[in-house]
Amino acid sequence: NEYKSYLSFRDMFGRQPRPIRLAVIVCVTILLLLYYISDSAGTKNSYLSWIGTEKHMSNSSILLPLVPPSQVVIKSQITKVIGYLEPPYDLTTITSDLSYFFPAINIFFTGIPKTGCSNWEEALLLAEGRIEHNHNPARVAAVHGGVIHPYRMSNYNSSSQTVNSATSIVVLRNPWTRAVSGYRQKLSSEDVQGGKMKFISYRIVKDIRSPDDKNPDPLCTFEEYIRYCVKVGGLKDRHFAPQKIFLNINKMRYDKVIPLEYADLMANDLFKEMDKNITLFSSYDKSSDPRQQSSALKAKKWLSDLQTKDPELIDSFYDIFKEDFKLLNYSNFSDPNFPLPLL
């Protein structure tokens with residue numbers, strides 16, 4: 001029997017032409033090498049993600065196609081980090097002013113600051129029939145103010161059956177580009193859309209800037225903002241706080257988790273399901289590739305410079321938001337696919 005088994009094995013492999021045997025050896029060697037790499041990878045700046053039979057390896061020679069990950073893949077990643085996304089729920093118990101219910105389109109939206117929530121609110125108001133045209137990007141307050149006010153869960157009265165049948169969506173963003181966007185819009189002297197929060201910037205300058213510093217700008221620099229965050233453990237204002245704290249994991253479900261980097265594509269699919277001809281206003285940049293938009297390019301430049309100057313500072317800032325990075329396995333600023341999630 002042993003001899004017959006040997007003959008059977010030899011018939012399968014031993015009598016194959018030499019090129020085929022060499023090909024088999026090469027394939028097995030490559031698979032073992034990939035397994036070794038995947039087992040040893042684990043640093044912040046180097047990722048190897050395996051999802052089913054697909055592999056995305058971050059290095060200088062590979063650029064991922066702009067194809068949104070499926071909800072199965074997204075939820076699998078989030079579940080690894082913070083737990084089950086569909087617990088027993090009653091959406092009527094969510095009274096945050098960052099949560100909205102749009103009854104005509106049956107959508108429950110959680111708007112995390114600095115994840116494009118103004119654009120989403122505007123698009124959902126258009127689909128709801130509450131407004132008839134896009135607002136000027138500089139008029140963010142018009143969307144956040146009286147127009148959206150009746151749809152906030154803190155003001156809404158409805159039966160639990162109505163609200164609980166809604167499709168619940170939330171948008172997440174790479175923490176690096178979110179930090180840069182928050183700084184540019186709220187703290188810097190740069191002329192960008194949105195309202196300033198100069199009182200925070202003044203406080204940072206007073207606390208961080210040396211009296212000998214000759215910088216004439218009364219508002220803080222990006223480095224001063226990063227140093228202040230590290231010093232105090234992160235700003236408490238909602239525009240700068242970690243995204244994870246806005247997720248009500250134990251109270252509600254999330255039917256669609258949307259990475260901001262793929263928001264345009266995923267929004268188109270969502271509004272097609274509603275039979276609505278609406279597109280997300282999207283970024284105020286001209287580039288449709290998130291890897292080429294100004295927040296990504298500035299983040300890559302500014303953070304790379306700080307990494308060279310003070311790597312411990314960048315590590316400390318990363319630690320404040322490390323759970324946000326894990327949510328969607330977000331790429332680091334040194335990655336060629338930055339700011340995409342590596343799923």
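**View 1. Contacts of tryptophan 176 in the predicted model.**

**View 2. Helix α7, residues 175–187.** This helix has 13 residues and spans 17 Å from its first C-alpha to its last, close to the 18 Å expected at 1.5 Å a residue. At the start of α7, the backbone nitrogen of tryptophan 176 lies within 2.9 Å of a side-chain oxygen of asparagine 174. Because 13 of the 13 residues of α7 are buried, the helix is largely enclosed by the rest of the structure.

**View 3. An aromatic cluster that includes Trp176.** The members of this one cluster are Trp176, Tyr183, Phe222, Tyr225, Phe240, Trp302, Phe317, Tyr318, Phe321, Phe325 and Phe333.

**View 4. The pair formed by phenylalanine 317 and phenylalanine 321.** The count of aromatic pairs, with ring centres within 6.5 Å, comes to 17. In one of them, phenylalanine 317 and phenylalanine 321 are tilted, with 5.0 Å centre to centre and 50 degrees between the planes. Both phenylalanine 317 and phenylalanine 321 are buried.

**View 5. The largest nonpolar core.** This core has 84 residues. Those with the most contacts inside it are Phe102, Phe108, Phe109, Trp120, Trp176, Leu187 and Tyr225. Helix α4, residues 117–128, gives the most to this core, with seven residues. In soluble globular proteins, nonpolar side chains tend to be buried together.

Notes
Residues are numbered from 1 along each chain as its sequence is written. This is a predicted model: local features need pLDDT of at least 70, side-chain atom pairs count only at pLDDT 80 or more; totals for chains, interfaces and linings use all residues. Side-chain values use heavy atoms; hydrogens and water are left out. Rings of Phe, Tyr and Trp (its six-membered ring) pair if their centres lie within 6.5 Å; planes under 30 degrees apart count as stacked, over 60 as edge-to-face and the rest as tilted. Buried means under 20% relative accessible area, exposed over 50%, partly exposed in between (1.4 Å probe, protein chains only). A nonpolar core is a set of buried Ala, Val, Leu, Ile, Met, Phe, Trp, Tyr and Cys residues joined through side-chain atoms within 4.5 Å. Helices (H or I, at least four residues) and strands (E, at least two) are DSSP runs, numbered from the N terminus. Contact means heavy atoms within 4.5 Å. The expected span of a helix is 1.5 Å times one less than its number of residues. A polar contact is a pair of N or O atoms within 3.5 Å; within protein, one must be able to donate a hydrogen and the other to accept it, and residues adjacent in sequence count only if both atoms are side-chain atoms. Lists of a residue's contacts leave out its neighbours within four places in sequence.
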